Amino acid sequence: RAGEELKVRFTFLDDAIYPLLARYFLTTPDLSFDLVRTELTVTRILSTPQSGEEWAGCVPFDDLYASASETEKQFSFHFATPTFFKRSGGPTYPDLLVPLPLPDLVFGSLLRNWNQFSPSSFFEANLLKEICSHHLEMTHHRISSQQARLVFQRDDGQYRTTTFPGFVGSCAFRLVGLQDPGVVKTLNTLADFAFYAGVGAKTTMGFGVAKRI
């Protein structure tokens with residue numbers, strides 16, 4: 001509605017991109033842009049936690065890994081926007097959407113993004129799946145179903161809406177029967193990484209906004 005304030009969050013996994021966008025926002029006068037037939041005027045730019053914005057922050061990959069715990073075995077997450085996962089069916093079966101925070105899907109999503117964008121990669125996805133299957137248990141969840149809704153503009157100027165099943169809320173996992181400090185540190189790094197990378201499918205469109213709590 002006219003006069004209503006809303007937040008638009010931009011996240012980057014490439015350090016080179018942030019300065020370009022920051023310079024654009026800071027130097028362009030009377031900045032506005034269209035969002036699904038609605039004109040938005042930029043009134044404030046918040047880029048640090050000190051600004052009071054809980055979803056703002058930045059950290060290098062190396063520092064995120066260096067500060068991760070080697071002993072903490074509890075991992076709790078809050079999912080702020082509809083989250084879902086795409087499970088590949090391979091050449092034989094169709095891909096499936098999974099609107100549940102299963103441990104192998106949550107940490108598998110984080111691992112893929114870390115290995116793709118970080119200068120140093122972690123272990124292979126198959127090993128992580130084994131760890132999640134045999135050593136990570138869910139200890140709590142308070143989630144609810146919420147449709148993920150996408151609106152696209154077609155070539156003829158009309159708008160098309162697509163929906164996917166998703167979930168929002170919180171959940172917690174616990175590592176059981178595994179003492180390897182390297183594995184523990186990796187899982188803690190990935191859990192902390194969720195704040196920047198998001199979790200699940202279509203994070204580039206605003207879904208799977210999540211953070212460790």
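**Helices on a sheet**

Colleague: Which hand does the crossing of helix 3 and helix 4 have?
Modeller: The crossing of helix 3 and helix 4 is right-handed. Helices are DSSP runs of H or I with at least four residues, strands are E runs of at least two, and both are numbered from the N terminus.

Colleague: What kind of model is this?
Modeller: It is a predicted model, where local features need pLDDT of at least 70, side-chain atom pairs count only at pLDDT 80 or more, and totals for chains, interfaces and linings use all residues. Residues are numbered from 1 along each chain as its sequence is written, and side-chain values use heavy atoms, without hydrogens and water.

Colleague: Why are helix 3 and helix 4 called roughly antiparallel?
Modeller: Helix 3 and helix 4 (residues 125–135) pack at about 150 degrees, axes 9 Å apart. Axes are lines fitted to C-alpha atoms, for helices over the stretch in contact, and angles run from 0 to 180 degrees between N-to-C directions. Over 145 counts as roughly antiparallel, under 35 as roughly parallel, 65 to 115 as roughly perpendicular, the rest as oblique. Therefore helix 3 and helix 4 are roughly antiparallel.

Colleague: What about helix 3 and helix 5?
Modeller: The axes of helix 3 (residues 103–117) and helix 5 (residues 181–197) come within 9 Å and cross at roughly 80 degrees. That makes helix 3 roughly perpendicular to helix 5. Their contact residues divide into 10 nonpolar, 2 polar and no charged. Nonpolar means Ala, Val, Leu, Ile, Met, Phe, Trp, Tyr, Cys and Pro; charged means Asp, Glu, Lys and Arg; the others, Gly among them, are polar.

Colleague: What makes strand 6 and strand 10 edge strands?
Modeller: The open sheet has 4 strands in the order 6-9-3-10, with antiparallel pairing. Strand 6 (136–145) and strand 10 (210–212) each have a single partner strand, so one side of each lacks a neighbour in the sheet.

Colleague: How do you know that strand 6 and strand 9 pair?
Modeller: Pairing takes at least two DSSP bridges between two strands. Strand 6 and strand 9 (residues 167–175) have 9 bridges, in the antiparallel sense. For S144, the bridge partner in strand 9 is V168.

Colleague: What makes T162 and R160 a polar contact?
Modeller: Their side chains are joined at 2.9 Å. The limit is 3.5 Å between N or O atoms; within protein, one must be able to donate a hydrogen and the other to accept it, and residues adjacent in sequence count only if both atoms are side-chain atoms. T162 lies in strand 8 (residues 159–164).

Notes. Left-handed = near helix turned anticlockwise from the far one by under 90°.
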